[in-house]
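The entries follow the order in which I went through them.

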Amino acid sequence: MAARKHIPNETKLRLFSEASGHCQRPQCLETLFPAELGGDKHIAEMAHVIPHGKDGPRHAERPDGEFEADTFENLILLCPTCHTIVDKDPGAHPRNTLLDWKANHISALARKIGIHAYEDRGQVRDAVVAAMEENKAVWRKFAPTEGSDFEYNPESEAAKTWTHRMRSVILPNHFRIQDIILANLHHATGEEREAFGQYQEHVRGLSERHVCGVNGRAIRYPEKMDGIFA
């Protein structure tokens, strides 16, 4: 059996970010942070499109030349059930099919959760403002305050509640806001596009911390986002 390498946190983060926390099989698209697990645990599995081993599913489709199996390009984020489905019947789930799922995931998810390209800026504003206000309300209620021992005691109930709200409410809202704005970026001014770029980096850092456990990389939330499309 071929030796397996550790998948870098950056690759895991990119997978979770691009999947927006949902299974990438278009017939599924279920959340990978199910409510019955409290929203603070995920069921995601990083499935290899082309496997490490010579006997694994889709091995015959391995490209010629040097090939690294643990790259972002060769991984797809699935729920356990769909991971089993694609590996038990590789003939019905060839390499191109899995890569097409991954490429089309955001548009499929957008259709499922009702993300649209709107006709004017006011409609875009209405679509994002509720999620933005919910995130602020959760932040004001549960986020750690400066000088408290909250962040130094991850086992406290307050810390657990904050982690739960981050994973079950704030991050999903951020992913939805990003998808709505990306679908309507043609309505944004240059200044708004710059603010949105900073916002994407802010969300990337939050995901890195709260999904992958990597601290210290999140930039501050750009205040100009509060007035986007206003």
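**Charges over a ring**

I began with Arg-14, whose charged end sits over the ring of Phe-72, 3.7 Å from its centre; a charge sits over a ring if NZ of Lys or CZ of Arg is within 6 Å of the ring centre and within 35 degrees of the ring normal. I then found Lys-102 over the face of Phe-72 too, at 3.9 Å from the ring centre.

**Basis of the entries**

I note that the model is predicted, that local features need pLDDT of at least 70 and side-chain atom pairs pLDDT 80 or more, while totals for chains, interfaces and linings use all residues. Residues are numbered from 1 along each chain as its sequence is written, and side-chain values use heavy atoms, with hydrogens and water left out.

**Aromatic pairs**

I counted rings of Phe, Tyr and Trp (its six-membered ring) as a pair if their centres lie within 6.5 Å, with planes under 30 degrees apart as stacked, over 60 as edge-to-face and the rest as tilted. By this rule the count comes to four aromatic pairs. Because Trp-139 lies in helix H4 (residues 121–142) and Trp-162 in helix H5, the pair ties together parts that are 23 residues apart in sequence; helices here are DSSP runs (H or I, at least four residues), numbered from the N terminus.

For accessibility I took buried as under 20% relative accessible area, exposed as over 50% and partly exposed as in between, with a 1.4 Å probe and protein chains only. Trp-139 is partly exposed at 45%, whereas Trp-162 is buried at 6%.

I next looked up Tyr-199 and Tyr-221, whose ring centres are 6.2 Å apart with planes at 85 degrees, so this pair is edge-to-face. Tyr-199 is buried, with a relative accessible area of 1%, and Tyr-221 is partly exposed, at 27%. Phe-196, Tyr-199 and Tyr-221 form one aromatic cluster.

**The second largest pocket**

I used a 1 Å grid over the protein atoms alone, where a pocket is an open set of points with protein on both sides within 12 Å along at least five of seven lines, and lining residues have an atom within 4 Å of a point. The second largest pocket is lined by 21 residues, and Arg-14, Ser-17, Glu-18, Gln-178 and Arg-204 lie nearest its centre.

Definitions and conventions:
On a 1 Å grid over the protein atoms alone, a cavity is a set of points where a 1.4 Å probe fits but cannot get out, and a pocket is an open set with protein on both sides within 12 Å along at least five of seven lines; lining residues have an atom within 4 Å of a point. Helices (H or I, at least four residues) and strands (E, at least two) are DSSP runs, numbered from the N terminus.
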